[in-house]
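Please walk me through this structure, from the fold to the ligand site.

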Amino acid sequence: MASTIEKRLSLHKNLAEQRLQNEALESQMTRLQALANIGTATYMVAHEINNLLTPLANFATLALNNPDDKILAEKALRKAIQNCGRASKIMESMLAVANGQTQEKKNTSLIVLVEDIFNCLCRDFSKDAITVDIQIPEDLLVWAVPVQIQQVLMNLILNAREAMLPRGGVLTIKAEDIADSLQIELADTGNGIEPTDLEKIFEPFFTTKVDKKSPSQCSGSGLGLVFVKRIIDIHGGAISVESTPAKGSTFKITLPKP
Ligand SMILES: Nc1ncnc2c1ncn2[C@@H]1O[C@H](COP(=O)(O)OP(=O)(O)OP(=O)(O)O)[C@@H](O)[C@H]1O
Ligand SMILES: [Mg+2]
């Protein structure tokens, strides 16, 4: 009898110890998850800030090389202010991700978000023989965290642009409401994606972009589409891609309405 009681007491003690260990492990996991979020956010900030700084530096260099062109200098300064503003918005957004906060979604004009991106890119697409055809109704709204949707579109637009260089081509951006969701489509007439690569493009660090000066180095980081997918997932949406090598690629995004 005594030994049964002793056994039960010892079992209870073991259980209590296990519970404490589980709790400690859970809190450790939460801390590790927060650290992983900070790691991802750091990569995202570096990647997106680079997207903003590269064209800005090009613009500033152009202005410096043409000291008499006052209009160009003013344009470069305006772009600097605009892109710094966007950079700090991205920082805020990433800090919120790192802290585990979700940012407020709101109804925002899609066409305004898209126009804002082209302003931030500081690149005249027509100079690269790229025609941009935007087919977005003026009153179309997107239910999303605005800065995050801009990041998605910016990454897709930059990829499309790179796929069409140096030949040029057409970038079409379409959007429409279909039933309970918003559909956005970005189609380019660039070099397309090989079928074997298609399944890898959303994987971290997958890139086919090599540095022309030293071909063993990658010029892309292979992170743009990882962030795109992550943001779309956070919004409860979906992204798909169709591509034909040497013909072009089409990325389709579906975002739910509130
Ligand atoms: N529109 C496109 N046309 C052709 N290939 C594309 C297109 N979009 C993506 N890809 C392919 O998918 C790969 C991954 O794209 P992703 O944006 O994730 O990384 P990246 O552009 O190589 O580098 P970065 O991190 O600077 O964006 C690209 O290297 C390219 O091979
Ligand atoms: Mg990219």
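The paragraphs below treat the fold, the sheet, the core and the ligand in turn.

This is a predicted model. The protein chain has 258 residues, of which 25% count as buried. Its secondary structure consists of six helices and seven strands, which follow one another along the sequence as α-α-β-α-β-β-α-β-β-α-α-β-β. Among the contacts in the chain with a separation of 6 or more, 70% join residues 24 or more positions apart.

Five of the strands form an open sheet with mixed pairing, in the order β2-β4-β5-β7-β6. At its edges lie β2 (130-135) and β6 (238-244), each of which pairs on one side only. From one strand to the next the twist averages 10 degrees. Within the sheet, β4 and β5 are antiparallel and share eight bridges; A175 stands opposite I184 in β5. The helix α4 lies across β2, β4, β5 and β7, and its direction makes an angle of about 20 degrees with β5.

Strand β1 covers residues 106-109 and includes K106. K106 counts as exposed because 12 other C-beta atoms lie within 10 Å, and the cut-off for exposed is 12 or fewer. Although K106 and P258 are 152 residues apart along the chain, their C-alpha atoms are separated by 9.2 Å.

In soluble globular proteins, nonpolar side chains tend to be buried together. The largest nonpolar core here has 36 residues, and I117, L153, L156 and A160 touch the most other members. The elements that give two or more residues to this core are α3 (110-121), β3 (141-144), α4, β4 (169-178), β5 (181-188), α6 and β7 (248-256). The largest share, ten residues, comes from α4. Leaving aside residues up to four places away in sequence, I117 touches Q150, L153, M154 and I157.

The last topic is the ligand. Which residues are the closest to ligand 1? They are A163, T207, G220, G224 and L225, out of 23 residues that surround ligand 1. By class, the shell has seven nonpolar, 13 polar and three charged residues.

Key: Residues numbered from 1 in each chain as written. Chains lettered and ligands numbered in written order. Predicted model: local features only at pLDDT ≥ 70, side-chain atom pairs only at ≥ 80, totals over all residues. Near = placed C-beta within 6 Å. Nonpolar A, V, L, I, M, F, W, Y, C, P; charged D, E, K, R; others polar. Helix = DSSP H or I, 4+ residues; strand = E, 2+ residues; numbered from the N terminus. Buried ≥ 20, exposed ≤ 12 C-beta atoms within 10 Å, placed from the backbone. Contact = placed C-beta atoms within 7 Å. Core = buried A, V, L, I, M, F, W, Y, C linked by C-beta atoms within 7 Å. Pairing = 2+ DSSP bridges. Axes fitted to C-alpha atoms, helices over the stretch in contact; angles between N-to-C directions.
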